Amino acid sequence: MPIERFNSRHRGDAQRSPAGVAATLEVSVETRAQFLQVDQEMPSQKILIVEDSADIREALNEAMVEEGYSTRAVGDGDEALRVFYEFQPDLVLLDVLLPGTTGFDLCERIRSMSNVPVIILSGLADEREKIRAFEKGADDYIVKGTGMGELLARVSAGLRRSSSTSAPTTVDKFSDDAIEIDFARRTVNVRGDEVDLTPTEYKLLSMLVRQKGQPVPAEQLLHSVWGREYDTEELVKWHVGHLRRKVEENPSSPKLIITRRGFGYVYVEQRASSAAA
């Protein structure tokens with residue numbers, strides 16, 4: 001059975017009802033296996049689904065339950081916050097258009113109190129909307145119409161990113177004149193102040209710091225941080241930009257994370273002795 005695609009009324013497809021949208025969410029076991037690496041021994045992870053369409057919400061919920069996840073599914077922002085506190089999910093699937101609020105505002109509220117991965121679901125493929133989502137703290141952005149197999153793969157990848165530890169290393173800490181990273185505690189201080197990074201931002205910074213002075217291609221960062229399910233290097237560009245706003249003194253003229261066009265991104269170690277030389 002081929003991967004079906006799910007669309008939404010948010011994309012302006014007036015000829016399709018939410019029930020029809022929900023019906024297209026089915027995906028075969030064979031297809032799903034091509035996208036996902038499921039660890040059967042892992043405990044059930046918790047996913048909060050926030051979607052105002054009852055039919056789409058139910059279909060998404062059924063798909064997640066079939067994958068072995070524990071779920072809660074709600075239809076508005078106020079209820080989503082209440083359930084978020086009680087349920088403490090490992091990942092949030094968040095629709096953009098919600099009664100009384102937007103998914104962007106709710107994402108910002110969630111990010112202010114938690115680093116749990118947030119995946120935005122939207123009917124808009126506009127780049128400005130994607131940038132807005134990442135600025136609010138989203139980890140991923142999925143346009144409705146994407147195959148369910150890919151959506152499941154991105155959920156799996158998001159959970160892996162948030163739960164995985166850094167690659168084994170003999171170094172527990174890194175520090176220079178600008179940044180200090182405690183890899184065991186997964187904390188980052190910038191110029192003496194602790195900075196709250198999302199799991200994705202932390203993994204990006206850690207990879208760049210571990211290979212300081214060497215260009216790391218965007219493709220390598222994409223596959224290492226997000227997984228090989230992803231094929232758009234724009235994700236790296238957007239998240240590096242957001243990371244710079246948190247660690248650079250002047251993000252428009254970065255000194256720590258620089259771009260070597262044609263080669264990738266480089267973390268430049270900051271040392272007073274180097275600057276004097």
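**Aromatic contacts, charges over rings and positive phi values**

Trp-238 is buried, at a relative accessible area of 14% (buried: under 20% relative accessible area; exposed: over 50%; partly exposed: in between; 1.4 Å probe, protein chains only). The model is predicted: local features need pLDDT of at least 70 and side-chain atom pairs count only at pLDDT 80 or more, while totals for chains, interfaces and linings use all residues. Residues are numbered from 1 along each chain as its sequence is written, and side-chain values use heavy atoms, with hydrogens and water left out.

Two aromatic pairs are present in the structure (rings of Phe, Tyr and Trp, the last by its six-membered ring, with centres within 6.5 Å; stacked if the planes are under 30 degrees apart, edge-to-face if over 60, tilted otherwise). Phe-134 and Trp-238 make up a tilted pair, with 5.2 Å from centre to centre and 35° between the planes. This pair links distant parts of the chain, as Phe-134 lies in helix H6 (residues 127–135) and Trp-238 in helix H10 (residues 234–247), 104 residues apart. Helices (H or I, at least four residues) and strands (E, at least two) are DSSP runs, numbered from the N terminus. Phe-134 is buried as well, with a relative accessible area of 4%.

Phe-174 and Tyr-267 form an edge-to-face pair, for which the centre-to-centre distance is 5.9 Å and the angle between the planes 85°. Distant parts of the chain are again linked: Phe-174 belongs to strand E8 (residues 173–175) and Tyr-267 to strand E13 (residues 264–267), 93 residues apart. Phe-174 and Tyr-267 are both buried.

Charged side chains also sit over aromatic rings. The charged end of Arg-210 sits over the ring of Phe-183, at 3.8 Å from the ring centre (criterion: NZ of Lys or CZ of Arg within 6 Å of the ring centre and within 35 degrees of the ring normal). Over the ring of Phe-87 sits the charged end of Lys-46, 5.3 Å from the centre of that ring.

Backbone phi values were also examined. Most residues other than glycine have a negative phi. Arg-186, which is not a glycine, has a positive phi near 60°. Arg-186 is placed in the loop between strand E9 (179–182) and strand E10 (187–190), and is partly exposed at 29% relative accessibility. Arg-191, also not a glycine, has a positive phi of about 50°. The loop between E10 and strand E11 (193–195) holds Arg-191, whose relative accessible area of 36% makes this residue partly exposed.
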